[in-house]
Amino acid sequence: MIKKFAIILFCLIPINTIALEKETTFDTDLFKKAQSEGKVVVVSSWIKYCYSCASQMKVLNKAKNDGKLLDIKLENIEYFSFDVTNKEIANLLNVKFQTTLLIFKDNKEVYRSLGETTEDLIYEA
């Protein structure tokens with residue numbers, strides 16, 4: 001009995017940790033400001049308890065923190081994330097699923113993927 005409880009507890013802890021890392025940072029005014037300043041804007045969508053969402057966000061945060069986004073200067077990138085259940089933001093960006101990754105450059109969407117969590121492919125985008 002204790003063994004089963006320990007296994008269940010072990011499985012639940014990582015899920016709760018993943019859920020706590022996620023927060024909506026998307027703000028329409030900041031999004032428009034970043035675009036007007038000529039920044040590359042990266043937006044990712046997530047949903048609570050989604051492991052692939054957390055993996056994607058981890059790669060994006062690492063890229064931002066490590067400055068590994070190829071030849072783009074860190075100060076020229078703005079990164080936002082949002083809970084896909086927020087219909088106002090989802091409709092604005094035409095996002096229907098979690099782990100949708102969008103990249104905007106020169107006020108245009110230049111990249112869209114769904115479910116991409118591979119570090120190399122995200123960096124190439």
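The disulfide linking C50 and C53 is right-handed, with 80° about the S-S bond. It belongs to a predicted model of a chain of 125 residues, 36% of them buried. The chain has five helices and four strands, and along the sequence these follow the pattern α-α-β-α-β-α-β-β-α.

**Disulfide**
- The sulfur atoms of C50 and C53 lie 2.4 Å apart.
- With sulfur atoms within 2.5 Å as the criterion, the count is one disulfide.
- C50 and C53 are both buried.
- In general, a disulfide is a covalent bond that joins the sulfur atoms of two cysteines.

**F26**
- F26 sits in the loop between helix 1 (2-21) and helix 2 (28-36).
- Is F26 buried or exposed? Its relative accessible area is 8%, and because the cut-off for buried is under 20%, F26 counts as buried.
- Leaving aside residues up to four places away in sequence, F26 touches F31, V43, F80, S81, F82, I89, L92 and L93.
- One of these contacts, F31, is also among the buried residues of helix 2.
- F26 and S45 are 19 residues apart in sequence, and their C-alpha atoms are 9.6 Å apart in space.

**Helix 2**
- Which residues of helix 2 are buried? They are F31, A34 and Q35.
- Viewed down the helix axis, the buried residues of helix 2 fall within an arc of 100°, so they line one face of the helix.
- An α-helix has 3.6 residues a turn, so residues three or four places apart point the same way.
- D29, K32 and S36 are exposed on the other side of helix 2.
- The cover over the buried residues of helix 2 includes strand 1 (40-46), strand 2 (77-83), helix 4 (87-93) and strand 3 (100-105).
- At the N-terminal end, helix 2 is capped by D27, which has a side-chain oxygen 3.0 Å from the backbone nitrogen of D29.
- G38 follows helix 2 and has a positive phi, near 80°.

**Chain totals**
- Of the contacts between residues at least 6 apart in sequence, 65% join residues at least 24 apart.
- The chain exposes about 8200 Å², and carbon and sulfur atoms supply 57% of that area.

Terms used. Residues numbered from 1 in each chain as written. Predicted model: local features only at pLDDT ≥ 70, side-chain atom pairs only at ≥ 80, totals over all residues. Heavy atoms only, no water. Buried < 20%, exposed > 50% of the residue type's maximum accessible area, 1.4 Å probe, protein only. Helix = DSSP H or I, 4+ residues; strand = E, 2+ residues; numbered from the N terminus. Contact = heavy atoms within 4.5 Å. Areas by Shrake-Rupley, 256 points an atom, 1.4 Å probe, with all protein chains shown as cover. Arc of directions from axis to C-beta. Polar contact = N/O pair within 3.5 Å; in protein donor to acceptor, adjacent residues only side chain to side chain.
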